[in-house]
Structures are given as C-alpha cells and as structure tokens.
Amino acid sequence: MDPLAWLASAHHDQLALCDSLEAIADSLPEEINRETCAYAARMIGPMMRDLHAGEEQRVFAWIEQRIADDASVHALLERLKYEHCEDECFAEELTEMLGRLGAADRTVNAETAGYMLRGFFTSVRRHISFEQECLRSMLVRRSGETSC
C-alpha cells in the first residue's frame with residue numbers, strides 16, 4: 001500500500017479511537033458504558049502498537065530511503081518514534097483503568113479517569129495533526145527541505 005494512503009488510514013483509525021475515548025470521558029461518572037470501556041481496554045494497546053510499528057516500518061522507512069542525507073529529517077523521525085513510545089506507555093495505563101471501569105470497579109476515581117483519557121486523546125490528536133502537517137507534506141514534496 002502507498003505510504004500516504006496507509007498513513008491516512010492509520011490516522012483515521014487513531015482518530016476514531018480518540019472519539020471513542022472522548023465519549024467515555026464525557027460519560028463519566030454517571031453514564032459509563034461498561035462494554036465500551038472493556039472493549040477499549042482490550043484494543044487500545046495492541047492497536048497503538050500495531051499502528052506505530054506499521055508507521056515506522058512503512059512510512060518512516062520510505063522517508064528515510066528518499067531523504068537519507070538530511071539530519072533534520074532523521075531528528076524528526078526520532079522525535080516521532082519517541083512520541084510513539086510515550087503514547088504506548090500511556091495506553092498501558094489506560095488499559096488498566098478502562099478495564100476497571102468496564103468491570104464496574106467503583107474505586108476508580110472518575111475525575112482522574114477523565115483526566116487520563118483527555119490527556120491521552122489530546123496528545124494523540126496533536127501528534128496526528130503534526131504528522132499531517134509535516135510528514136505528509138514531506139512525503140508529497142519528496143524533498144529534504146522541511147520546515148517543521
């Protein structure tokens with residue numbers, strides 16, 4: 001699959017996840033859908049790991065092949081890989097909390113859960129926005145000139 005098309009699909013899937021997590025956050029504390037929480041707990045970690053691995057293997061590798069001699073591009077890709085790692089670690093924490101919400105664990109603090117959810121989906125949306133502005137334009141231009 002074309003790297004641009006793959007990236008667009010990955011972003012679509014991640015934004016759909018963010019929308020689901022935002023709906024969970026908005027439902028706290030009184031209207032929690034336990035099934036949605038349990039489902040999110042099962043899929044958030046694997047989904048983020050798979051999408052990030054695919055992005056690094058397909059998109060980043062594709063960029064590196066075409067713009068290998070640009071140190072700023074290499075630094076940019078390293079930054080994005082680090083953000084992937086941060087998001088995956090955060091997803092692990094959310095997995096535990098969402099699992100507890102799905103199991104109707106009343107010891108989960110709704111304010112903390114909402115804060116965690118909002119922190120995660122805000123960060124993921126910001127990361128995607130950056131990639132759309134910078135990476136996709138870089139892929140389209142296929143040049144070493146980046147201003148991100």
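Arg79 comes out as partly exposed, with 42% relative accessibility (the label covers everything between buried, under 20% relative accessible area, and exposed, over 50%, using a 1.4 Å probe and protein chains only). Its salt-bridge partner is Glu83, with N and O 2.9 Å apart; a salt bridge here is a side-chain nitrogen of Lys or Arg within 4 Å of a carboxyl oxygen of Asp or Glu. Glu83, at 17% relative accessibility, counts as buried. Both residues sit in helix 3, four residues apart, or about one turn of the helix (helices are DSSP runs of H or I, at least four residues, numbered from the N terminus).

A word on the set-up: this is a predicted model, where local features need pLDDT of at least 70 and side-chain atom pairs count only at pLDDT 80 or more, while totals for chains, interfaces and linings use all residues. Residues are numbered from 1 along each chain as its sequence is written, and side-chain values use heavy atoms, with hydrogens and water left out.

Helix 3 (residues 71–102) also holds Lys81 and Glu78, three residues apart, again about one turn. Their salt bridge has its closest N and O atoms at 3.5 Å. Lys81 is partly exposed at 25%, and so is Glu78 at 37%.

In all, the structure has seven salt bridges. One of them pairs Arg125 with Glu22, at 2.9 Å between the closest N and O atoms. This one ties together distant parts of the chain: Arg125 belongs to helix 4 (residues 110–141) and Glu22 to helix 1 (residues 3–27), 103 residues apart. Arg125 is partly exposed at 25% relative accessibility, as is Glu22 at 26%.

Terms used: Helices (H or I, at least four residues) and strands (E, at least two) are DSSP runs, numbered from the N terminus.
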